[in-house]
Structure formats: structure tokens, C-alpha cells
Amino acid sequence: GSPLPILLRPEGAGPQGDLRWQEHARGGQAIRRACRRATGVVAIAPPVRDELLAAGFDESKIFDIPNGVEIPDHTSAPVRARPRAELAESDPRLQIAPAAPLVLYVGRLHKEKGLDELLEAWTHVVAAERQARLWIVGDGPYLRPLAAKINALQLMGSVTLAGSYDSTSQFYQAANVFAFPSRSELMPLALLEAMAAPLRIVASDIAGNRHLLDDGQCGLLVPVGHVQELADGIVSQLERPDDVSPLAVAARERVRVRFSLAGMTRMHWRLFQQMIDHS
């Protein structure tokens, strides 16, 4: 019978991406030649498509399907208290007053994520909002330098390195603002989840974030590496944090229309069916 169709899906682009790895790794070129024989390849974002074309992949075999996330129920102030209490019960370090402003970061702990700048900005945030708390959720090679910087900046009482969790949904439910100061991103799931929550968002003005946030129509974009502007952006979003934010509403709707998990699943299903029909 006909060979089984094979569909590939690179999850990254740029220096840390799969295609760049194929250029330099031992045996990488042989792996690339084998990958080019696949029935199809999914590009989750335009930079992935560009790299696939530059690597010699057949354009007719490239299919554009973005990442998708689940769309949770709307979050409101009364609901926010419950996940805060449940998180505090599971980890005493996550004790927080029901009405205290909470800023959240979720993602890999890596130098390129802009977390140094976030901590420096946080010194200005807590000067303006003394009850504010920052939770950094995730793990990675930059954990120890971050812990050292928190100590050096004397932020131990207002910043918590929460660690890694299989599910982060309660963190999004508990937070008021999502901070995402990364220097390089493709299509970050954490940002999509924050948009779906929906949370007020302050993110670095880079191509990946700009694309998801619709050029600032769904969240506040600040220049990369600008500590004061990052701090000012966070403080501005902590003013009246429980009010309905038009940017957050727009963010949720954008995810519902363009980046829902259900939509991504349907696109994959149609592609699988198409590949099977033509095999």
C-alpha cells in the first residue's frame, strides 16, 4: 500500500530553533534531507515558514497552523480570591492578600527572557505599589542568577520564584497583570494563555509579541530592555486592576478567533484528512 503520511512541526525558529540546529549538529544535514521528504510541515508562525523555505523545503508542503490555547471562563475579582487561596494552601510562599496587586510571569527562566530587566523594573513598581507582588513561574538555567538578583535588590518580600508546574491555569486566574519582557519570541504559548485569561498584558515590543498583541491593540508594548518604561507600563496596568480592560477584552477575542485550541485542532484534522486522501 501507500506509505504512511508524515507530518512535521518545528516548534522554534532563530538561533535555538530546529532548523538552525540542523545546520550545525553532527548529522544535521542528513536529518534535514530526511525531513524534506516528509508529506508536510506545519509552520506555526511566519519566521518558521521563512526558515523552511530557506532550508529547501517544498513550499507546497508547508502548511500555516498557529499555536492554540484553551479559552477559559472569564476572570473577575470574586473568582480571583479562590485560586489565590488554593495556591497558598499548596505552597506557603504564595500567600497573598485577596486584594493585593499581583503581576505574573510564566515561561522558561533564561537570560533572553528579559527577567533581569523585570526585576530592576520591579524595584520601581513596589516603590509606587507597596502591596504589589510578582510571581515568576517556570524553571531553567537562569534560576540561580535570578535568585541572587532578587537578594541583591532586596526584593525577597515581593518577588517569588514559584518553580515549575504541570498546569499554570490557577496562576492566570489569580493574577491581575501579565509581564512578558522577552528579547526574542516566536509564538509564546504563555502569552496566548494570558490573553485568553484575559489578563492585562505588558510585553516587550518584539515581532512575536507584536504579532499576537495586534500591534498593541490587545496589550501594552514597551521597548526591549527599557527598565523605566517597563516599570511605568506595569504600574499603569495596576491602577484600578479589577476594572474591565478594553485591551484585555480585545486580547481574549483575538485568541478566540485566531488562536484557540479548538481551531488549531480542526485545522490539523483537516490537514490529516487531506494527506490521507492523497496518499
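Predicted model: local features only at pLDDT ≥ 70, side-chain atom pairs only at ≥ 80, totals over all residues.

**Entry 1**

I began in the loop between α8 and β8 (200–204), where Pro198 is found. The peptide bond that joins Ala197 and Pro198 is cis, and I read an omega of about -10° for it. I noted it down because most peptide bonds are trans.

My next stop was Gln154, which sits in the loop between α6 (143–152) and β6 (159–163). Its phi is positive, about 55°, although Gln154 is not a glycine. Most residues other than glycine have a negative phi.

**Entry 1: the largest pocket**

How much volume does the largest pocket have? I found about 960 Å³. I then looked up the lining, which has 35 residues, and the closest to the pocket centre are Glu11, Lys113, Ser184, Glu185 and Leu186.

I also asked which helices and strands supply the lining. At least two residues each come from α3 (46–54), β4 (102–106), α8 (189–196) and α9 (207–212). By class, I have 16 nonpolar, 12 polar and 7 charged residues in the lining of the largest pocket.

**Entry 2: α8 against α11**

Two packed helices are described by the angle between their axes and the distance between the axes. For α8 and helix α11 (residues 246–258), the axes come within 7 Å and cross at roughly 115°. On the α8 side I listed Leu192, Met195 and Ala196, which meet Ala248, Ala251, Arg252, Arg254 and Val255 in α11. The contact of α8 with α11 holds 6 nonpolar and 2 charged residues, with no polar ones.

**Entry 3: α5 and its two partners**

I took α10 as the opening partner. Helix α5 (residues 115–128) packs on helix α10 (residues 227–238) at an angle of about 45°, and their axes are 8 Å apart. That angle is why I wrote α5 down as oblique to α10. The crossing in which α5 passes α10 is right-handed. From α5 the contact uses Glu117, Leu118, Glu120, Ala121, Trp122, His124, Val125 and Ala128. From α10 it uses Val227, Gln228, Leu230, Ala231, Ile234, Val235 and Leu238. My tally for the contact of α5 with α10 reads 11 nonpolar, 2 polar and 2 charged residues.

Then I turned to α6. Are α5 and α6 roughly parallel or roughly antiparallel to each other? I read an angle of about 15° and axes 11 Å apart. Angles under 35 degrees count as roughly parallel, and α5 and α6 are therefore roughly parallel to each other. The crossing of α5 and α6 is right-handed. Leu115, Asp116, Leu119 and Glu120 of α5 make the contact with Leu146, Lys149 and Ile150 of α6. I sorted the residues of the contact of α5 with α6 into 4 nonpolar, no polar and 3 charged.

Last, I checked how many cavities of 30 Å³ or more the structure holds. There is 1. The largest cavity has about 80 Å³ of space. Its lining is made of Gly114, Glu117, Pro181, Arg183, Ser204, Val222, Pro223, Val224, Gly225, His226, Val227 and Leu230. These lining residues of the largest cavity divide into 6 nonpolar, 4 polar and 2 charged.

Technical notes
Residues numbered from 1 in each chain as written. Heavy atoms only, no water. 1 Å grid on protein atoms, 1.4 Å probe; cavity = no way out; pocket = protein on both sides within 12 Å on 5 of 7 lines; lining within 4 Å. Points joined across faces, edges and corners; volume = space filled by probe spheres on them. Helix = DSSP H or I, 4+ residues; strand = E, 2+ residues; numbered from the N terminus. Nonpolar A, V, L, I, M, F, W, Y, C, P; charged D, E, K, R; others polar. Axes fitted to C-alpha atoms, helices over the stretch in contact; angles between N-to-C directions. Contact = heavy atoms within 4.5 Å. Parallel < 35°, antiparallel > 145°, perpendicular 65-115°, else oblique. Left-handed = near helix turned anticlockwise from the far one by under 90°.
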